[in-house]
Amino acid sequence: MPAQAKADASAAPSRQPASSPLTERQEARRRRILHASAQLASRGGFDAVQMREVAESSQVALGTLYRYFPSKVHLLVATMQAQLEHLHGTLGRKPPTGDTAAERVAETLMRAFRALQREPHLADAMVRALTFADRSVSPEVDQVSRQTTAIVLDAMGLENPTAEQLSAVRVIEHTWHSALITWLSGRASIAQVKIDIETVCRLIDLTAPEGQHTARAGQKQK
């Protein structure tokens, strides 16, 4: 972890317990903080997100900011979760249109990728934060993972996936994350990312129980 990120984490006071529900006013403050974080990251990436500037931009005291997010790594991982939550809502209003679950998931992940592509500095900042995250950031990282899983399962059209399907979803998520890193580092083109995503999404068909294959085939015939 960079020296600045370590300093942020070590200097930060303890935050509110995760189990304490936020009031409406606190939730609004948290949204302002996340918005300010995203705006600063969009302009200059990871290094541009300084806790003091986030506090000033979101109009909260620095100590208050640290109670919500002990370091900018915590903050940027939470920012990624908020971005994925927004994407999830967008997908709900305009869901993927592929005929198979694999096609719908591939379409969904490429839409997510293109959204990040429009904000490369923000994408780089959030991915770097995930890379730097240690055990103290586990709650925020888990939220990102759960949000990503929910997006994929919605695209698949599944409410009760099997253990094998969940394993396939995890592999798909790992591949998407890896593809994003290689693209951000200039080691993969968008075309290569698309091929990798479409390839790994074939696991969905391989892990689908026989009944699900039959149901899809019947629906397509109708």
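S71 sits in the loop that joins α4 (62-68) to α5. In this predicted model, S71 has a relative accessible area of 2%, so it counts as buried, the cut-off being under 20%. Along the chain S71 is 20 residues from M51, and the C-alpha atoms of the two are separated by 7.6 Å.

L75 has a relative accessible area of 0% and is buried. A129 is 54 residues from L75 in sequence, yet the C-alpha to C-alpha distance is 8.6 Å.

**The fold as a whole**

The protein has 12 helices and zero strands. Its pattern along the sequence is therefore α-α-α-α-α-α-α-α-α-α-α-α. Of its 222 residues, 42% count as buried. Among contacts with a separation of 6 or more, 74% are between residues 24 or more positions apart.

The largest nonpolar core has 61 residues. Within this core, V105, M156, W176 and C201 have the most contacts. V105 touches two of these, M156 and C201, and also V152, A155, I172 and I204, not counting residues up to four places away in sequence.

How are α9 and α10 oriented relative to each other? Helix α9 (residues 163-184) packs against helix α10 (residues 190-200) at an angle of about 175 degrees, and their axes are 10 Å apart. The two helices are roughly antiparallel, because an angle over 145 degrees is counted that way. On the α9 side the contact is made by V171, I172, T175, W176, A179 and W183. On the α10 side the residues are I190, V193, D196, I197 and V200. By type, the residues of this contact are nine nonpolar, one polar and one charged.

W176, listed in the α9 side of this contact, is one of the residues with the most contacts inside the largest nonpolar core. I172, also on the α9 side, is touched by V105.

R114 and I190 are 76 residues apart in sequence, while their C-alpha atoms are 9.1 Å apart in space. R114 belongs to helix α6 (residues 101-117), and R114 is partly exposed, with a relative accessible area of 36%.

**Buried and exposed residues**

Q147 is part of helix α8 (residues 138-156). Its relative accessible area is 11%, so Q147 is buried. Apart from neighbours within four places in sequence, Q147 is in contact with Q81, L84, E85 and H88.

Is Q59 buried or exposed? Q59 lies in the loop between α3 and α4, and Q59 is exposed because its relative accessible area of 69% is over 50%. Its phi is near 60 degrees, a positive value in a residue other than glycine. Most residues other than glycine have a negative phi.

The table collects the residues discussed with their accessibility.

| Residue | Relative accessible area | Class |
|---|---|---|
| L75 | 0% | buried |
| S71 | 2% | buried |
| Q147 | 11% | buried |
| R114 | 36% | partly exposed |
| Q59 | 69% | exposed |

**Confidence of the prediction**

The mean pLDDT of the protein is 87, and 86% of the residues reach 70 or more. Where in the protein is confidence lowest, and where is it highest? It is lowest in helix α1 (residues 3-11), at a mean of 43, and highest in helix α3 (residues 51-58), at 97. Over residues 1-19 the pLDDT is below 50, and this stretch has 32 contacts in the model beyond near neighbours in sequence. Residues 213-222 also stay under 50 in pLDDT, and the model gives them six contacts beyond four places in sequence. Where pLDDT is low, the predicted coordinates should not be read in detail.

Notes: Residues are numbered from 1 along each chain as its sequence is written. This is a predicted model: local features need pLDDT of at least 70, side-chain atom pairs count only at pLDDT 80 or more; totals for chains, interfaces and linings use all residues. Side-chain values use heavy atoms; hydrogens and water are left out. Buried means under 20% relative accessible area, exposed over 50%, partly exposed in between (1.4 Å probe, protein chains only). pLDDT is the predictor's confidence in each residue, from 0 to 100. Helices (H or I, at least four residues) and strands (E, at least two) are DSSP runs, numbered from the N terminus. Contact means heavy atoms within 4.5 Å. Axes are lines fitted to C-alpha atoms, for helices over the stretch in contact, and angles run from 0 to 180 degrees between N-to-C directions. Angles under 35 degrees count as roughly parallel, over 145 as roughly antiparallel, 65 to 115 as roughly perpendicular and the rest as oblique. Ala, Val, Leu, Ile, Met, Phe, Trp, Tyr, Cys and Pro count as nonpolar, Asp, Glu, Lys and Arg as charged, and the others, Gly among them, as polar. A nonpolar core is a set of buried Ala, Val, Leu, Ile, Met, Phe, Trp, Tyr and Cys residues joined through side-chain atoms within 4.5 Å.
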